[in-house]
Amino acid sequence: MAAGAASTFAANDLKGRYAIALYELAEEERVLNEVVSEVENLLKIINESELLREVLNNPSFDTAQSREIIVGTLKQAGFGQLLQNFVGVIANNRRLASLKSILLAFFALVDFRRGVTTAQVTTAHPLTDKQRAQLKDRLAQVGYNKVNIQERIDTKLLGGFVVRIGAQLYDASLKSRLNRLHNVMKGAA
């Protein structure tokens, strides 16, 4: 899944309703896995293309013009007709500024329907493959069998890690340990 997917899915907002529409259409047409892959690629293209970000975030573009640019880009990059049409509808409804959040909501919905939990892991240094596997094993031991790990680096942690799964927070960072030790020592003085 793409980085940044939310850990829970909310169907009652604009992005959730569009995400459900895309999911159900892809499922109905039996191309869900292909659409998941295409959405992942589209997010990469959006992140890499200054022109697309400008089209998505600049309301001064004419609806037809912005639709032509974004759908033309998808067509040229070889995206399927389903995703081209979906993005075209978003453009026609003047919702291109929400496209990225709609695509991220789509990933959250896919994870939700597949029973995948997202764990947001913050570390002081990038995880190695071995550490990532150990973390997944440990999470499986506490009941999270299907886990999608989103990694973030925060050098202020000094060492260790912080894991957030839904409302649960597991803080095993060196920074927190030092803060607790500091508070204990203040109480002893």
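This note goes through the packing of the helices and the nonpolar cores in the model above.

1. The structure is a predicted model, in which local features need pLDDT of at least 70 and side-chain atom pairs count only at pLDDT 80 or more, while totals for chains, interfaces and linings use all residues. Residues are numbered from 1 along each chain as its sequence is written, and side-chain values use heavy atoms, with hydrogens and water left out.

2. The largest nonpolar core has 36 residues, and Val-39, Val-87, Leu-96, Leu-99 and Phe-106 are the ones that touch the most other members. Such a core is a set of buried Ala, Val, Leu, Ile, Met, Phe, Trp, Tyr and Cys residues joined through side-chain atoms within 4.5 Å, where buried means under 20% relative accessible area, exposed over 50% and partly exposed in between, using a 1.4 Å probe and protein chains only. Two or more residues each are given to this core by α1 (14-28), α2 (32-48), α3 (50-57), α4 (63-76), α5 (81-92) and α6 (99-114), and α6 provides the largest share, eight residues. Helices here are DSSP runs (H or I, at least four residues), numbered from the N terminus, as are strands (E, at least two). Another core, of 10 residues, lies apart from this one and includes Ala-119, Leu-139, Tyr-144 and Ile-149.

3. Leaving aside neighbours within four places in sequence, Leu-96 is in contact (heavy atoms within 4.5 Å) with Val-55, Leu-56, Ser-66, Ile-70, Val-87, Ile-90 and Ala-91. Ser-66 itself lies in helix α4 and is buried, with a relative accessible area of 5%; under the same exclusion of neighbours within four places, Ser-66 is in contact with Val-55, Phe-61 and Leu-96.

4. The axes of α4 and α5 come within 9 Å and cross at roughly 165°, which makes α4 roughly antiparallel to α5. Axes are lines fitted to C-alpha atoms, for helices over the stretch in contact, with angles running from 0 to 180 degrees between N-to-C directions; angles under 35 degrees count as roughly parallel, over 145 as roughly antiparallel, 65 to 115 as roughly perpendicular and the rest as oblique. By class, the contact of α4 with α5 has six nonpolar, four polar and two charged residues, where Ala, Val, Leu, Ile, Met, Phe, Trp, Tyr, Cys and Pro count as nonpolar, Asp, Glu, Lys and Arg as charged, and the others, Gly among them, as polar.

5. For α2 and α6, the packing angle is about 145° and the axes are 10 Å apart. The residues of this contact divide into 13 nonpolar, two polar and three charged.
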